[in-house]
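Please read these notes with the sequence and the structure open beside you.

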Amino acid sequence: MYVWPGVIAIWSSLFAGLAAAVTYLLVDRGRKELLALARTLYTAFMVSVVASAAILMTLLLQHRFDVSYVNSYSALDLPLHYLISTFWAGQEGSFLLWCFWGSIIGLFVWRTAKEQEAPVMVVYLSTFLGIIAILCKQSPFKLLPPPAPVDGTGLNPLLQDPWMVIHPPVMFLGFASLSVPFSFAIAALWKKRWDGWITRALPWALLTFLTLGTAILMGGYWAYKTLGWGGYWGWDPVENTSLVPWLFTTALVHGMFLQRARKRHRKVNLLLACTAYAAILYGTFLTRSGVLADFSVHSFIDLGITGWLVGILGTFIGLSAVLIAWRWRSIPRTEDEEPALLSRSVFFILGIAVFCALATVILLGTSAPILTRLGGTPSQVQTTFYGKTTTPAGFLLVLLAGLVPFVGWKGETGSALFKSSRRSLVVAAVLTLAAFGLGANKPETLVLLFAAFFAADMNLRAVIRKAGNGKLGGAGGYLAHVGVGIMLAGIVVSGAYAVSQRVTLPLNVPKKLGDTTLTFLRVVPGSADRKQAMEIRVETPKEKSFYAYPKMYENTRTGQLMVNPSIRNSATMDLYIAPQQYDPGQPQVVGRDVSLKKGTTTSIDGTGFTLKDLNADRAAMMSGGNTILVLADLIITPPDGTSHDATIKYVFNLTTQEADAPEIALPGYPNAKARILAVSPNDGAAIVRLTGVSKNPNEEFQAATVESLSVDVTHKPLIALVWGGFYVMMAGGLLAFLKRAGEARRAVLEGSAREEARSESPVAPTGPVMPAHTRSPLG
Amino acid sequence: MKKGYWFAAVLTLAFVGFGLTAFQKTLTPYLSFEEARKARGVVQVMGALDKESDRYDNKSEELSFDLLDPNGHRMQVVYRGVRPGNFKDAISIVAIGRFSQGRIEAEKLLVKCPSKYQGAEVEKAYASSPAPGKAS
C-alpha cells in the first residue's frame with residue numbers, strides 16, 4: 001500500500017541517477033557524444049528527487065493521515081512552520097532532505113568540474129544513490145491499512161521550537177555539500193590530477209564548515225534555551241556525530257589553503273576529504289542503526305536499515321582506502337627547500353594534526369559502546385572524558401591560531417616572531433590579569449584565557465592590517481580566528497565559573513541565594529497561545545527586581561511534563577532558572593489513603609480490606625448523560641473472624657469535572673469511615689481514604705504541605721561570548737567562502753587549462769601579511 | 001617539511017595516547033546487579049522500576065527506589081534530586097553512579113518511557129543536584 005506518485009518519483013530518481021552515473025562512466029571511457037545525455041539524465045534525477053520531496057510535503061500539508069509517515073509525525077493542530085518541519089522529523093524525511101540538497105548542489109558541480117565532469121559526477125551521484133536506495137526500501141510513502149485516522153500522532157513537543165525547524169535543513173545542506181570535496185578527491189586519485197580540484201572544491205568545503213557549524217550551534221542554543229539542563233553541550237552521541245565531521249572539515253579547509261599556497265601536501269587533502277566524508281557516514285550509521293540505544297539521551301530506533309548503512313559505509317571507506325593506497329606512490333611530491341619550524345606551513349600542519357587527533361578522540365569516546373562490546377561488557381565513557389581531552393587540544397589550536405598571522409609560509413626567526421607578537425602578548429597579559437582580578441583564579445582557566453586573548457588580538461591586528469590595505473575580503477581566516485579566541489574565552493569562563501544551586505521555594509516566601517532573592521508567587525495558567533508558567537520574583541543587587549516565568553506544563557497529547565527554563569540575559573551574566581518540581585501542597589488530612597485493587601486484600605492492624613468489585617453504573621450514565629456513578633464493594637474482615645460488606649459511592653460529573661464522594665460509616669468498627677478519592681474502573685482500582693481504622697491515631701495524621709516549586713538556579717558568566725565569538729567565526733568563514741567561490745567561478749570561466757597551469761606556478765594566492773624569507777636558526 | 005610532519009605525528013600520537021588513557025579511566029561499564037556490587041568506580045545498571053519502592057524525602061531532596069532486573073534481582077538506588085517528571089511511566093531506568101553501602105548512589109538517571117514518537121527523545125537524562133549537566 002503506497003502513495004503511487006511518491007513511489008514512482010523515488011524509484012525514478014534511483015533509475016535516473018543510476019543511468020546518469022553509467023552514462024557519465026561511458027563519457028569517461030571516450031564516448032564524448034553522450035555528455036548531453038548524461039546531463040539530461042542528471043537533470044531527470046534532480047527533478048525526481050525534488051518531486052519526491054514536493055509530494056511528501058504536499059501529503060504533510062494536506063494532512064493525509066492515511067500515510068504512515070504523516071500519521072507518525074504530524075497532527076491537525078500544528079501551525080504551518082511546525083507542519084513544514086515534520087518533513088524532517090523522521091528518518092525517511094531527513095534522508096530525503098539530504099538527497100534534496102545533494103541533487104540541487106549537483107547542478108553546480110557539473111558546471112564547475114569542467115574536464116573532470118565525468119569522473120566527479122560518477123562519484124558524486126554514487127554518494128546519494130545508496131541513500132535513495134534506502135528510501136526505496138524504507139519508503140516515506142507507505143499507507144496505513146484503512147480506515148484512515150482522523151488525526152496524526154503529532155510532532156514531539158521538544159521539537160516544536162523555531163530552532164528545530166531550521167536546524168535540520170541547515171545541517172543536511174552541510175552534509176550534502178561535503179560530497180563535493182569527496183567526489184573531487186576521488187576523481188583526482190582516479191585521474192591523477194592532483195592540484196586543479198582544490199580551487200573548485202574549496203568553496204564547498206567552506207560551505208560545509210559554515211552550515212554544519214551553524215547547525216551545531218543552533219542545536220546547542222536550543223538545548224540551552226529549551227531543555228533546561230543548564231548547558232549548551234552535553235557530549236551526547238547525536239551532538240558528537242555532527243561535531244566530528246565538522247572538525248575534519250575544518251582540517252580539510254586548512255589543508256586546502258595550504259596546498260593552494262604551497263603546492264604540497266597533496267596526500268593530506270586527499271586523506272582529509274575522504275575522512276571527513278567517512279565521518280558523516282559513520283555518524284549516520286551510529287545515530288540511525290540503534291547500536292547506541294542504551295547509551296544516549298536520544299533513542300534510536302532500528303528501522304531495519306543497519307545492514308544498508310554498514311554496506312554504504314564499508315563501500316566508501318574501502319573505495320577511498322584502496323584508491324589512496326594504490327595511488328600513494330604516484331602522488332607527486334614537491335622537492336624544494338624545507339620551511340623552518342617556525343613557519344606558517346608547519347603551523348598549518350600542526351593545526352591539521354590537532355584537529356584530526358581531537359576528532360579521532362571524540363569519535364573514540366562516542367564509539368565506546370561499540371568498541372567495548374567487541375571485548376565483552378559494553379561500556380560508556382563519562383562526559384569528563386571529553387572535558388579532559390578537548391582542553392589541551394583547544395589550547396594548542398588557539399595557540400597556533402594566535403601565532404599564525406605574522407609568520408610567513410617559509411619561516412620566521414624566533415626574535416622576529418616575538419617582535420610581531422609583543423603587543424598582543426601585552427594585551428593578553430593585561431586581559432588575563434583583569435580576569436584574575438574579577439575572580440578567575442584556576443590556573444588552567446588562566447592559561448586558556450591567555451591563549452584565547454592572545455589569538456583574538458593577534459588576528460584582530462591582522463584583520464585591521466588587511467582592511468587597511470583594502471583587502472578585507474581576504475581576511476576571512478583571521479576574522480574566523482578572532483571569533484575562535486572570543487568563543488574559547490566564553491566557553492572556559494562560563495564552564496568553569498557557572499554556579500548552580502537547587503532550591504525549593506515555598507509559595508510567597510523569599511529565599512536568598514547568594515545575592516539573589518527569589519520568591520515563588522503563583523502558577524500562571526496556560527491558554528491557547530501561552531504555556532502554563534511559574535511566576536517568580538527575582539531581586540538582584542544590580543536590577544531592583546524582575547519577574548521570571550519558567551514554563552512548566554503538561555503536553556496535552558502525551559501527558560508528558562514539559563519544562564522550559566527562564567533565562568535572563570545580560571552582557572556579562574546569564575541567570576538561568578530551570579524548574580524541577582512543582583508541589584501543589586495539601587492541607588492537613590486525617591485519614592489513611594490506601595490503593596485497593598479488585599480481588600486483592602490490604603491489611604491494616606489485622607483487619608483485611610478487600611475490593612470485591614468496582615462497577616461503573618451504566619444505567620445512571622445512560623439516563624443522566626453527564627454523570628458517571630461508580631460503586632465499590634468492600635469486604636471487611638476484622639481479626640475476630642467476622643466479615644462485613646460495604647458499598648461506597650463515587651459520582652463524577654462530566655460537565656463540572658467534579659466528584660461527589662460521600663463518606664460512609666464502615667460496619668464492624670465503632671468510628672471507622674471510608675471515602676473514595678479516585679477510581680480507575682479500567683484497571684479495577686480505587687484509592688480509598690480510611691479513618692478510624694488504625695489502632696494508633698497518629699498513623700492517620702497526614703501533615704499539611706505547602707505549595708512549593710523546586711528550581712535549579714544557575715549563574716552563567718560570559719556565555720554571551722560563546723554566541724558572539726561564534727558569529728565572528730562564521731562571519732570570517734563567510735568572507736572566505738565568498739572570496740573562494742568567486743575564485744572558483746573565475747577559474748571555471750578562465751578555463752581549466754589555465755587553472756592547471758596557474759596551480760603549478762609558485763605564486764601563493766593567500767600570501768602572508770608580512771612576507772619573511774629569513775630562515776630561522778632553528779630550521 | 002619532513003620536520004613538520006614528524007612534529008605533527010609525535011603530537012598526534014601523544015594526544016591520542018593521552019586520549020586512550022582518559023578513555024580507560026572514564027569508562028563506565030554496563031553491569032549486572034551482581035557485578036555492580038563488586039565494582040569500584042562509576043558503573044551503570046539498568047532495570048525496571050519497582051513502583052512500590054519509590055520514596056522521596058522532601059527535606060534531603062533525596063529520591064530512593066529499587067530497580068528489578070529480568071531475573072527478579074533487586075538493587076536500591078538513591079539519587080539526590082527531584083523525581084523526574086515521567087518517572088512513574090518508565091519502562092526502564094539506567095542509573096549511573098557508584099556502588100556504596102549496599103546501594104547505587106546515582107549521579108545521573110536515564111529514564112526510558114514509552115513514546116509514540118519514533119526516533120525522537122523517549123529518554124531523558126537527569127543529573128543529580130546541584131550541578132546540572134555542565135557544558136565544557
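1. Two strands are said to pair if DSSP finds at least two bridges between them, and the strands (E, at least two residues) and helices (H or I, at least four residues) are themselves DSSP runs, numbered from the N terminus. This is a predicted model, in which local features need pLDDT of at least 70, side-chain atom pairs count only at pLDDT 80 or more, and totals for chains, interfaces and linings use all residues. Residues are numbered from 1 along each chain as its sequence is written, while chains are lettered from A and ligands numbered from 1 in the order in which they are written.

2. In chain A, strand E9 (residues 566–568) runs antiparallel to E10(A) and is joined to it by three bridges, with A:Arg568 standing opposite A:Leu575 of E10(A). These two strands, E9(A) and E10(A), form a hairpin that has four residues between them.

3. E10(A) is also joined to strand E22 (residues 708–717) of chain A, again in the antiparallel sense, by 10 bridges, and here A:Pro579 has A:Val711 of E22(A) as its bridge partner.

4. Is strand E10 (residues 573–583) of chain A enclosed by the rest of the structure or open, and why? Nine of its 11 residues are buried, so E10(A) is largely enclosed by the rest of the structure. A residue counts as buried if 20 or more other C-beta atoms, placed from the backbone, lie within 10 Å of its own, as exposed if 12 or fewer do, and as partly exposed in between.

5. Helix H9 (residues 196–227) and helix H20 (residues 719–750) of chain A pack with their axes 8 Å apart and at an angle of about 155°, where axes are lines fitted to C-alpha atoms over the stretch in contact and angles run from 0 to 180 degrees between N-to-C directions. H9(A) and H20(A) are therefore roughly antiparallel to each other, since angles over 145 degrees count as roughly antiparallel, under 35 as roughly parallel, 65 to 115 as roughly perpendicular and the rest as oblique.

6. In chain B, strand E2 (residues 42–57) and strand E5 (residues 92–100) pair in the antiparallel sense over six bridges, and B:Gln44 has B:Ile96 of E5(B) as its bridge partner. E5(B) is joined to strand E6 (residues 103–112) of chain B by nine bridges, and these strands run antiparallel, with B:Phe99 opposite B:Ile104 of E6(B). The hairpin of E5(B) and E6(B) has two residues between the strands, and in this hairpin B:Gln101 takes a positive phi near 50°.
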